Amino acid sequence: MVLSKTASQSDVSVHSTFASRYVRDQLPRFRMPENSIPKDAAYQIINDELMLDGNPRLNLASFVTTWMEPECNKLIMDAINKNYVDMDEYPVTTELQNRCVNMIAHLFNAPLGDSETAVGVGTVGSSEAIMLAGLAFKRKWQNKRKAEGKPYDKPNIVTGANVQVCWEKFARYFEVELKEVKLREGYYVMDPAKAVEMVDENTICVAAILGSTLNGEFEDVKLLNDLLVEKNKETGWDTPIHVDAASGGFIAPFLYPELEWDFRLPLVKSINVSGHKYGLVYAGIGWVIWRNKEDLPEELIFHINYLGADQPTFTLNFSKGSSQVIAQYYQLIRLGYEGYRNIMENCQENAMVLKEGLEKTGRFNIVSKDEGVPLVAFSLKDNKRHDEFEISEMLRRFGWIVPAYTMPADAQHITVLRVVIREDFSRTLAERLVIDVQKVLHELDTLPAKVNAKLAMAEEENSKNGIVKKTAIETQREITSYWKKFVSERKTNKNKIC
């Protein structure tokens, strides 16, 4: 006689994951649960929530790499448990980082002798790289001012208003005044002449951007260098340049090798670049390279020996994974100069396909430049009825994540959409995006202009009351403010529902 047995709740091996009580019961969201749950249930719960994230490859807002070869993925997983800071325990990983630093330094035309090694370090991204470069400039300036018996308590840095937020963080965290060159309509990068005018004896450096986040444009580092050389001669100062090449550092050497922006210019003392952007590595790796040893004050370098040997370290954090360093080395030797050039040329060609497709609609002004980071920034020619924020919102229905944003001061009345072209964004996807943009435009044309209708009624009411009519710029700013609030409220409501 065979006796049957009913499975208990603890006998989870016989349950379907979705039928088990671990998935059916509610888990606390903001407190650690009292009891353990099976690994398959934990995996399924988390995996199900992550399904609601956007598709990384359709995230056209991001410059960050979203695809790598399976062989590199395997190297990354094999090294996932290595702590990079344990240099004595993982000497080969340290050697690979040093090779990357030297390869990148040569790519940026660092003035190195045959047996001379480059000065640089791997970071978790360009934000940390910029903090380190900024600290080096600040300390070097302070040391010089102290030696001259001059005040050293009011350092400043000159940038364009188009800089990434990490520059604002550096200024605020490390007590450096940020002097920004304002933008203007039609000119969305730092004007070198205006930047040099703002330089004074307390300026620790001028930061130039090789690949603006806003429209991908390269700033004129050569002109900045030449103007600053003249000012230094006139004043006796030695104000240097840092190049923020987070996006453009792995583009310019391959697409525009004759462009002088790097260590070929005498005042360029340090350069940062994001390995996780056009260095073609997943998020979590950046690099900062100095022209020579004199540009990195020795007192900023720490020496530790509690991991087994004397180790110099100049980073803001301590522990970090080794995987991204290894992945960067893989890409550098796997692709070589030829491979990087082919990929960058392909990205540029796909950007032109998208640009031409958008131009053919007759509805957009192209704000980006053909020479620069392969992206397309564009704005509506006529946004009286509907604006760029509506297009961005409606494109999400097709899976596309295309950001809409306003320009910084003094061009904040300009709103643009931006599509970043990465290695995994094919011509087919570019053509598909144009088709979906056309669908969105057609649908918007059939909808009433609710925002503008309200504003028109308000204008009419104001005119009756003798209130001065708003200018076109003021109206556009009001529309922009409305849609930013509208999108923010929708996101908040979605979060409440979730």
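This tour moves through a predicted model, from its nonpolar cores to one helix and then to a few salt bridges. Local features need pLDDT of at least 70 and side-chain atom pairs count only at pLDDT 80 or more, while totals for chains, interfaces and linings use all residues. Residues are numbered from 1 along each chain as its sequence is written, and side-chain values use heavy atoms, with hydrogens and water left out.

Begin by selecting V243, W261, M344, L354, I391, W400 and L433, the residues with the most contacts inside the largest nonpolar core, which has 105 residues. A nonpolar core is here a set of buried Ala, Val, Leu, Ile, Met, Phe, Trp, Tyr and Cys residues joined through side-chain atoms within 4.5 Å; buried means under 20% relative accessible area, exposed over 50%, and partly exposed in between, with a 1.4 Å probe and protein chains only.

Next, colour residues 323-360, helix α10, which supplies the largest share of this core, 15 residues. Helices (H or I, at least four residues) and strands (E, at least two) are DSSP runs, numbered from the N terminus. Centre on L354, which touches V376, V419, I421, A430, L433 and V434, residues up to four places away in sequence not being counted; contact means heavy atoms within 4.5 Å. A second, separate core of 26 residues can be picked out through V121, L135, F170 and W290, which are among its members.

Now select helix α4, residues 91-107, whose 17 residues reach 24 Å from first C-alpha to last, close to the 24 Å expected at 1.5 Å a residue, the expected span being 1.5 Å times one less than the number of residues. Its buried residues include L96, C100, V101 and I104, and the buried residues of α4 pack against β1 (119-123), β6 (268-274), β7 (286-290) and α10. Following α4 is N109, with a positive phi near 60°.

Because E95 and R99 lie four residues apart in α4, about one helical turn separates them.

K355 is buried at 16% relative accessible area, whereas D370 is partly exposed at 41%.

Finish at R57, R422 and D424, which a network of salt bridges links.

Definitions and conventions: Salt bridge = Lys/Arg side-chain N within 4 Å of Asp/Glu carboxyl O.
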